[in-house]
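Try each task before reading its solution.

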Amino acid sequence: MTEPPSVTELLRADRLTRHFKIGGALSQGTLHAVDDVSFSIGEREIVALAGESGSGKSTVARLLARVYRPSSGTVTYFDETGNGRTLSSLRSRRAGLRYSGQVPMVFQDPFSSLNPVFRVSHGVLRALKLHRPDLSAGERRAEAARVFDVVGLGAAMLDRYPHELSGGQRQRVGFAQALATKPRLILADEPVSMLDTSIRIGLLNLMAKLRDEEGVSILYITHDIASARYVADRLIVMYAGQVAESGPIEDVLAAPRHPYTQLLLSAVPDPKAPPPSTEAVAAASGERGEPPKVIDPKPGCRFMPRCPVSVELCGQVTPELKPLGAGEVACHVAQTGAEVKAFT
Amino acid sequence: MLDVSSLTVEYATGKNPVRAVDDVSFHVDAGQFVGIVGESGCGKSTLLFAVAQLLSAPAAITAGSVEFRGQDLVALSGRRLNAIRWQNLSVVMQSAMNALNPVMSVGAQFADALRAHGMSSRKAVAARSAEVLRLVGIDPVHLKSYPHQLSGGMRQRAMIAMALLFTPDLVIMDEPTSALDVVAQRSLMTQIKELQREIGFAVIFVTHDMSLVSHYSDRLLVMYAGQLAEAGPTRRIFDNPLHPYSRGLLEAFPSIKGPKVPLQGIPGAPPDLSIIPNGCRFAPRCPAKMPQCETTPPALLDREGVRVRCLLYAPASGNAAPGEQAKETAQ
């Protein structure tokens, strides 16, 4: 992965792959949830990981959070001194705890990810006790107040119960919990998709603030490209378990090269735009494909069945992610240098 | 076709009943697409349930009427309602994942509804089921499929097919696209619009995502804290939102085109409906708040076809003169 030299690498995924065995004794198959995914995340950087449901983006987050072990490929994490260690080499409990404290996760559903019978301070204090055992009870309380302040809740909220909080406030608690362990990278799996559009922006602003003021990197998993553009520095687009395109977000959005990126962008509703023409609507309704369930795939581009510009090669060889312009694209047609205009 | 006037729904909880829908009036003409937007807890789903007469205790309609093709649904008995439901008026629920029965095939669920409304011939049931499934772009082989075998988008389309079994006059949809990603969402919206053009039913579409209805709805109702904040033709509200709340909702969207601008969204949260503030319900979050907003509840005013509940548009004398008040039949 080509990186601008100013960015220090924090985490790198190399040909990360995760397969799941599915089916019974007679219908064994292998679901390729994530296949050969490579990317890196730098310090003080928000990287958006976008794709349809089922594209494998949550599986990537779980691989990074060590919920799953990769079937093959590695994740390398670079600590403060720049020492890189692969996640599979983190054997001891201490090394594992240290990693999960520095790379915590924020979950999608703020309604089910907080325990309803405890005050919201519970999760933060528990995390502090576990990950920063050097703190006294008073210091833990003070630190909890500090992180609540950072996420815009105020220390008075610490003693509330989850049901007293709105969805947006609960998700802020999620970020406060992550922040308590002095993270370097937060894995945020669709953190705003369950919230009302009117309060999403507040959370996105919070994520930008964490990057700018606390120096935290964030992997922002989303299917909402517009919100990704609002906060993220780089964009990785996934399709059917593979990376379709990645690069600096403004470059990708200004000139998407992969047909799937173009489809994704064309589908974003824009209230300020004039209503689409009847031809555009007709063209869009012709587009009824669905992302494939990748079970025992054959070689070839996985987007081909939905792709209007595919060539013969696409059905035979799986395209590799290769540098193109400011980013990287996995598309045979784009890699020939031809201008791809699949969806507008 | 549908005329809702002064509809009020209360949840009887403890001492103070919570008024989730407060004096809401609107109407839907045949073939129209009406969008209802607002944040969670603004009463939009309760309003839908009240229109479809699906409320269950402790919620109850305490005032107002829902006139559908000349009949007041509020006063109808359960039996008479059953005849109208699904035949003339059908509902697509929010989460198809939960609304379809997981242990019955799609076809069996279709047949169940068809038989309940008097279609007894097995052949006719099969033919009609296949027909509606084809309408929404699903291969009729999926009548034998179980819900878990369909993708999220297909399940949602199957729900819509089910609502169309009897070619109803009105289909009520409660956030049908909220579980879908953008590509599936757009394909479903264009499909609803196409079907509407072909078959001619009217749609009431509830969502919290204002950008979604911008291109599809004819008229828009913006709800806040149980009341209508603004209502009128969709394009006019998008081009020139009058209520500060509508403006806030519209400005809460980052765009993928044009310059990147910092956004604020709408800070704060909607009020607790069991403690209704004295003045305007939006005042605590309003960027255009005036001193009188704290004390004077604004009336719904008619501004050349757009109804808006905001003191910014009240005549200078203070309270609106009776003649200025929007009538139920406005627009």
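**Exercise 1. Find which residues of α3(A) and α4(A) meet, then describe how the two helices pack.**

Solution. Start with the contact itself: from α3(A) come S121(A), V124(A), L125(A), L128(A) and K129(A), and they meet R140(A), E143(A), A144(A) and V147(A) in α4(A). Sorted by class, this contact holds five nonpolar, one polar and three charged residues. Keep in mind that the model is predicted.

Next, look at the geometry. The axes lie 10 Å apart and the packing angle is about 125°. Angles under 35 degrees count as roughly parallel, over 145 as roughly antiparallel and 65 to 115 as roughly perpendicular, with the rest called oblique. α3(A) and α4(A) are therefore oblique to each other. The crossing of α3(A) past α4(A) is right-handed.

**Exercise 2. List the buried residues of helix α3 of chain A, and say what covers them.**

Solution. A residue is buried if 20 or more other C-beta atoms lie within 10 Å of its own. In α3(A), which spans residues 121–131, the buried residues are S121(A), G123(A), V124(A), L125(A), A127(A) and L128(A). Their cover includes α4 (137–150) and α5 of chain A.

**Exercise 3. Work out how α5(A) and α6(A) are oriented to each other, and name the residues through which they meet.**

Solution. Take the angle to begin with: helix α5 (residues 167–180) of chain A and α6(A) have axes that come within 10 Å and cross at roughly 20°. α5(A) and α6(A) are therefore roughly parallel to each other. Their crossing is right-handed.

Now the residues. On the α5(A) side are G168(A), Q171(A), R172(A), F175(A) and L179(A), which meet I199(A), G202(A), L203(A), L206(A) and E214(A) in α6(A). The contact of α5(A) with α6(A) comprises five nonpolar, three polar and two charged residues.

**Exercise 4. Trace the open sheet of eight strands in chain A, and identify its edges.**

Solution. Follow the strand order β6-β7-β8-β3-β9-β10-β12-β11; the pairing in this open sheet is mixed. The edges are β6 (105–106) and β11 (322–324) of chain A, each of which pairs on one side only.

M105(A) has L187(A) in β7(A) opposite it.

**Exercise 5. Describe the side of chain A that touches chain B: which helix gives the most residues?**

Solution. Count the contact as a whole: chain A contributes 35 residues and chain B contributes 37 residues. Within chain A, the helices α6 (197–214), α7 (225–231), α9 (259–266) and α10 (278–286) each supply at least two residues of this side. α6(A) gives the most, with six residues. By class, the side of chain A that touches chain B has 17 nonpolar, nine polar and nine charged residues.

**Exercise 6. Turn to chain B: what is the strand order of its open sheet of four strands, and which helix lies across β1, β2 and β4?**

Solution. The order is β2-β1-β4-β5, with antiparallel pairing. β2 (18–28) and β5 (71–72) of chain B each have a single partner strand, so one side of each is left without a neighbour in the sheet. Seven bridges join strand β1 (residues 2–11) of chain B to β2(B), and L7(B) stands opposite V24(B) in β2(B).

The helix is α1 (residues 44–51) of chain B, which runs at about 60° to β2(B). S45(B) is found in this helix. Is S45(B) buried or partly exposed? With 19 other C-beta atoms within 10 Å, S45(B) is partly exposed. Leaving out residues up to four places away in sequence, S45(B) touches D174(B) and V206(B).

**Exercise 7. Describe the hairpin formed by β11(B) and β12(B).**

Solution. Strands β11 (residues 300–303) and β12 (residues 306–309) of chain B pair in the antiparallel sense over four bridges. D302(B) stands opposite R307(B) in β12(B). Two residues lie between the strands, and E304(B) in the turn has a positive phi of about 50°.

How values were computed
Residues numbered from 1 in each chain as written. Chains lettered and ligands numbered in written order. Predicted model: local features only at pLDDT ≥ 70, side-chain atom pairs only at ≥ 80, totals over all residues. Contact = placed C-beta atoms within 7 Å. Nonpolar A, V, L, I, M, F, W, Y, C, P; charged D, E, K, R; others polar. Axes fitted to C-alpha atoms, helices over the stretch in contact; angles between N-to-C directions. Left-handed = near helix turned anticlockwise from the far one by under 90°. Buried ≥ 20, exposed ≤ 12 C-beta atoms within 10 Å, placed from the backbone. Pairing = 2+ DSSP bridges.
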